[in-house]
Amino acid sequence: MARPVWAGNLSFGLVSLPVGLFTATDSHTIHFHQLQRGTSDRIRNRRVNERTGDEVQLEDIVKGYDTGGEYVLVEPKELDDIAPGRSRSLEISGFVDLAEVDPIFFDKTYYLGPRGAEYKKVYSLLEQALAKTGKAGIATFVMRQHEYLVALKAENGLLTLHTLHWADELRDPKKEIDNLPGKAKASEKELKMAEQLIDALSMKWDPAQFHDAFQEKVAALIEAKKAGDTVEKAEAPAEPTAVVDLMEALRASVERADSPKATGGKATASGKTATKKPEPKKRVRSAPKEDLSAMSKADLYKKAAATDVPGRSHMTRDDLLKALAPTPR
């Protein structure tokens, strides 16, 4: 079981609930070490005194704020001493409709769990009430010497905590982008064709359909270089659509989205269902069985990527073996 990254008391009104905060997501990032070119020598970062060049131990380092000519020194303990509720309080200020919180405010997601079996009823009560009302609790709390604005939500039988950006952290797009088009004039035909294209490409949201293709390509690149092979380069990005070709590009896009080959049996913009005719079965010779148990995790992952096994990025070697094992007839 994972250890909580924060523990404290969640309170709403006069009700208090001891909770633990758990990280809800992982990253697909493949981590590289820094090496000196032409060698296998690691490059490491050290904490060095800028004046003397001597390495400094972590316990001898304090925080300093530059006031313009001199530093104000602050000890880590001093930051803990001034933290609201001494960093162990998560008090809900009020409840808002989820629809009122613009998606741009959401940052990172955590799971909340009760600390102790005796608090399960209080935890479940709050989760059910939030789910029924469609509300989110808004609160602030301190973690790792930073104060966070958060939204507490009910999701699939558990409580989740979402850190939010502060209002003054949001950048004004008009100041960031100097060439915003506003509502550029589009013809009625272009607008109707664009709406038809959106309708033709509409689908149900299923995150399991998507996977980190770049991370898989990085893993394949590493395997290829280890074996002395080369890999194909990615295709060049599409050229920008010229204004004069806009209507033609929209029309061609709608036609492609409506074609049976593109839809594979899905509903099209016209409401009709495009279906593929089943291809006649071909008799093929059985390929010799592979000994999956002798493969490394990297080879198993590569095979899982080739067969599009869902959720492979989070699988252990044993999980990959089970997922790739042939289904008994």
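Author: Helices here are DSSP runs of H or I with at least four residues, and strands are E runs of at least two. By that rule the chain has 9 helices and 9 strands. The model is predicted.

Reader: How do you know how α4 and α6 are oriented to each other: roughly parallel or roughly antiparallel?

Author: The axes of α4 (residues 188-200) and α6 (residues 246-258) cross at roughly 25°. Angles under 35 degrees count as roughly parallel. Therefore α4 and α6 are roughly parallel to each other. Their axes come within 9 Å.

Reader: Is the crossing of α4 and α6 left-handed or right-handed, and what makes it so?

Author: The crossing of α4 and α6 is left-handed. The term applies when the near helix is turned anticlockwise from the far one by less than a right angle.

Reader: What makes up the contact between α4 and α6?

Author: From α4 come K189, E190, M193, A194, Q196, L197 and A200. They meet L246, M247, L250, R251, S253, V254, A257 and D258 of α6. The contact residues split into 9 nonpolar, 2 polar and 4 charged.

Reader: Which residues have the most contacts inside the largest nonpolar core?

Author: That core has 20 residues, and those with the most contacts inside it are L10, L21, L90, L112, F141, L152 and L161. At least two core residues come from each of β1 (6-12), β2 (15-23), β5 (89-97), β6 (106-114), α2 (120-133), β7 (135-143), β8 (146-155) and β9 (158-164).

Reader: What does L152 touch, beyond residues up to four places away in sequence?

Author: L152 touches L10, I92, L112, L126, L130, K135, A136, G137, L159, T160 and L161.

Reader: Which residues does L324 contact, leaving aside its neighbours within four places in sequence?

Author: L324 is in contact with L292, L300, K303, A304, T307 and V309. V309 is 15 residues from L324 along the chain, and their C-alpha atoms are separated by 8.0 Å.

Reader: How many residues has the chain, and what share is buried?

Author: The chain has 329 residues, and buried ones make up 21%. Among contacts between residues at least 6 apart in sequence, 55% join residues at least 24 apart.

Conventions:
Residues are numbered from 1 along each chain as its sequence is written. This is a predicted model: local features need pLDDT of at least 70, side-chain atom pairs count only at pLDDT 80 or more; totals for chains, interfaces and linings use all residues. Side-chain values use heavy atoms; hydrogens and water are left out. Axes are lines fitted to C-alpha atoms, for helices over the stretch in contact, and angles run from 0 to 180 degrees between N-to-C directions. Angles under 35 degrees count as roughly parallel, over 145 as roughly antiparallel, 65 to 115 as roughly perpendicular and the rest as oblique. Contact means heavy atoms within 4.5 Å. Ala, Val, Leu, Ile, Met, Phe, Trp, Tyr, Cys and Pro count as nonpolar, Asp, Glu, Lys and Arg as charged, and the others, Gly among them, as polar. A nonpolar core is a set of buried Ala, Val, Leu, Ile, Met, Phe, Trp, Tyr and Cys residues joined through side-chain atoms within 4.5 Å. Buried means under 20% relative accessible area, exposed over 50%, partly exposed in between (1.4 Å probe, protein chains only).
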